[in-house]
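This report describes the packing inside one protein model.

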Amino acid sequence: MLARGATGNHHEDKQMKRITTSRKILCAALTAAWCLGAQAQAQPGSTVESLLSLAREGNPDFASMRYEADAAAERITPAGALPDPKLRTELMDITKGGSQSASLSPSRVGSTRYTLMQDIPWFGKRDLKREIAELEAEGAKGRAYGTWSEVATKIKTTYAQLYYLVRNESLTKEILDLMLRLEKIAQVRYAGGLAAQQDVIRAQVEQTSMRNELIALETEHHHLMTRMNALLGRPANAPLAMPEGLRPLPMPAKLDYVSLEERARARNPMLSAEEHRIKAAEKSRDLAYKNRYPDLTVGVVPNQMQNEVKQWDLMFEINIPLQQSSRRAQEREAEAMVSASRAKRDATSNQLLADLSTNISELEAARRTERLTTDSLLPQAELTLKAALAGYETGKVDFATLLDAQRQIRQAKLNQIKSRAEAQVRLAEIERILGEDL
């Protein structure tokens with residue numbers, strides 16, 4: 001009885017150990033899965049939105065322009081403020097007619113004049129300076145938004161290129177697997193005396209060429225990841241998640257050129273910056289004409305004799321604008337700057353609207369190409385490959401025909417991926433011109 005009980009206890013101990021071990025393995029597996037999931041979530045790059053959110057905080061170009069806009073906003077208050085007052089002290093007759101040695105004590109000299117002066121610009125000059133500073137601050141803000149629009153476009157474009165590259169790598173590996181199967185078919189037929197050895201060699205050469213393409217694609221993938229990290233303000237080799245998918249394209253009705261032109265004129269940040277530049281130049285021109293009038297300085301002068309202030313004086317001072325040729329030159333300069341600002345605005349507007357028209361056309365072309373490839377070219381290429389494969393196995397077509405069919409289906413799938421990525425690039429350019437997402 002004791003022996004049987006001891007054996008039962010020993011069996012139960014083994015069973016408990018197995019349960020404990022299984023639990024440990026399960027916990028370790030769950031922990032590893034959770035860590036991998038957390039690591040994947042910690043890596044941005046799966047969506048464009050995650051990259052843009054990170055770039056808003058980390059991109060150094062955008063940060064620099066934001067700080068410049070903040071600095072320009074801080075110039076508004078001092079631009080409209082009065083100059084600091086000035087205090088002048090004059091010790092008169094420091095030897096008292098030669099009756100004493102020179103002294104610097106106000107109570108021991110003949111008299112002491114204290115002059116408190118304030119410069120007052122001509123009426124309207126301070127307001128013009130403040131308005132110029134406000135317009136320049138708005139222009140700096142527009143340039144900051146313009147910089148962000150450029151950065152966002154680069155991120156969207158690089159993301160589309162990464163998507164194309166990743167899908168191209170996957171397609172190349174898929175075709176490489178197909179070539180391996182074709183090589184085996186060629187070997188079987190060669191072993192049975194139904195095909196030449198050249199078919200096997202050509203299949204192997206095709207595989208080697210694809211492996212070389214994979215090396216080039218991996219190198220390009222590294223370069224794009226490095227470029228993306230630079231845009232995000234991250235270390236060059238920081239990990240990024242693979243692109244999961246592309247943004248949906250807007251409906252054709254939303255790509256009407258007339259309506260998009262109006263939005264671009266109203267909301268493009270660079271056009272806004274140029275408009276504020278024009279207004280600031282016009283205010284600077286007005287200020288140049290105001291400089292025809294003199295500025296004023298007023299002062300209060302208490303006079304100290306011995307230890308008492310016995311006299312009070314008032315002073316007025318103006319600058320005399322005699323250098324008329326200099327002022328006329330400044331006015332002509334201001335007029336020229338207004339004309340230059342307007343010309344720059346027109347040039348920027350013309351270029352943006354030309355780019356808008358081009359990108360709308362290119363987006364529609366990419367959409368049509370993708371639709372044609374998906375609905376027509378790709379099914380035809382798949383049928384051609386199936387027919388060529390069946391014909392080669394029965395000896396009705398040669399291996400060169402089979403390779404051509406394989407290349408056709410690969411090119412069709414590549415065109416499909418490329419047109420999707422190209423449409424995303426054109427969409428990013430349109431959004432850059434509009435200054436907002438569609």
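Helix 3 and helix 5 run roughly antiparallel to each other, a label used for angles over 145 degrees, while angles under 35 degrees count as roughly parallel, 65 to 115 as roughly perpendicular and the rest as oblique. Their axes cross at roughly 170° and come within 8 Å, helix 3 being residues 60-74. Axes here are lines fitted to C-alpha atoms, for helices over the stretch in contact, with angles from 0 to 180 degrees between N-to-C directions. Helices (H or I, at least four residues) and strands (E, at least two) are DSSP runs, numbered from the N terminus.

The model is predicted, so local features need pLDDT of at least 70 and side-chain atom pairs count only at pLDDT 80 or more, whereas totals for chains, interfaces and linings use all residues. Residues are numbered from 1 along each chain as its sequence is written, and side-chain values use heavy atoms, with hydrogens and water left out.

On the helix 3 side, the contact with helix 5 includes Asp 61, Phe 62, Met 65 and Arg 66; on the helix 5 side, the residues include Ala 133, Glu 136, Ala 137 and Trp 148. Contact means heavy atoms within 4.5 Å. By class, 10 residues of this contact are nonpolar, 1 is polar and 6 are charged. In this scheme Ala, Val, Leu, Ile, Met, Phe, Trp, Tyr, Cys and Pro count as nonpolar, Asp, Glu, Lys and Arg as charged, and the others, Gly among them, as polar.

Helix 2 and helix 6 also have axes that come within 8 Å, here crossing at roughly 50°. That angle makes helix 2 oblique to helix 6. Leu 51, Leu 54, Ala 55 and Gly 58 of helix 2 meet Met 228, Leu 231 and Leu 232 of helix 6. This contact has 6 nonpolar residues, 1 polar residue and no charged residues.

**The nonpolar cores**

In soluble globular proteins, nonpolar side chains tend to be buried together. A nonpolar core is a set of buried Ala, Val, Leu, Ile, Met, Phe, Trp, Tyr and Cys residues joined through side-chain atoms within 4.5 Å. Buried means under 20% relative accessible area, exposed over 50%, and partly exposed in between (1.4 Å probe, protein chains only).

The largest nonpolar core has 45 residues, of which Ile 155, Met 228 and Phe 399 touch the most other members. At least two residues of this core come from each of helix 2 (48-58), helix 5 (125-191), helix 6 (197-232), helix 9 (324-393) and helix 10 (399-434). Helix 5 gives the largest share, 15 residues. Beyond its neighbours within four places in sequence, Met 228 is in contact with Leu 51, Ile 155, Thr 158, Tyr 159, Leu 162 and Leu 240. Another core lies apart from this one; it has 14 residues, including Leu 260, Leu 353, Ile 360 and Ala 366.

**Aromatic rings**

The structure holds 4 aromatic pairs. Rings of Phe, Tyr and Trp (its six-membered ring) pair if their centres lie within 6.5 Å; planes under 30 degrees apart count as stacked, over 60 as edge-to-face and the rest as tilted. Two of the pairs are listed here.

| Pair | Centre to centre | Between the planes | Type |
|---|---|---|---|
| Trp 122 and Tyr 293 | 5.4 Å | 15° | stacked |
| Tyr 392 and Phe 399 | 5.4 Å | 65° | edge-to-face |

Trp 122 lies in the loop between strand 2 and helix 5, and Tyr 293 in the loop between helix 8 (269-290) and strand 3 (296-305), so their pair ties together parts that are 171 residues apart in sequence. Trp 122 is partly exposed at 29% relative accessibility, and Tyr 293 is partly exposed at 42%. Together with Phe 123, Trp 122 and Tyr 293 form one aromatic cluster. In the other pair, Tyr 392 is buried at 2% and Phe 399 is buried at 1%.

**Single residues**

Thr 115 sits in strand 2 (residues 111-120) and is buried, with 2% relative accessibility. Its contacts beyond four places in sequence include Lys 86, Leu 87, Val 300 and Met 315.

Arg 367, in helix 9, is buried at 12% relative accessibility. Beyond its neighbours within four places in sequence, Arg 367 is in contact with Leu 249, Pro 250, Met 251, Pro 252 and Leu 255.

Asp 93 is not a glycine, yet its phi is positive, near 55°. Asp 93 lies in the loop between strand 1 (86-92) and strand 2.
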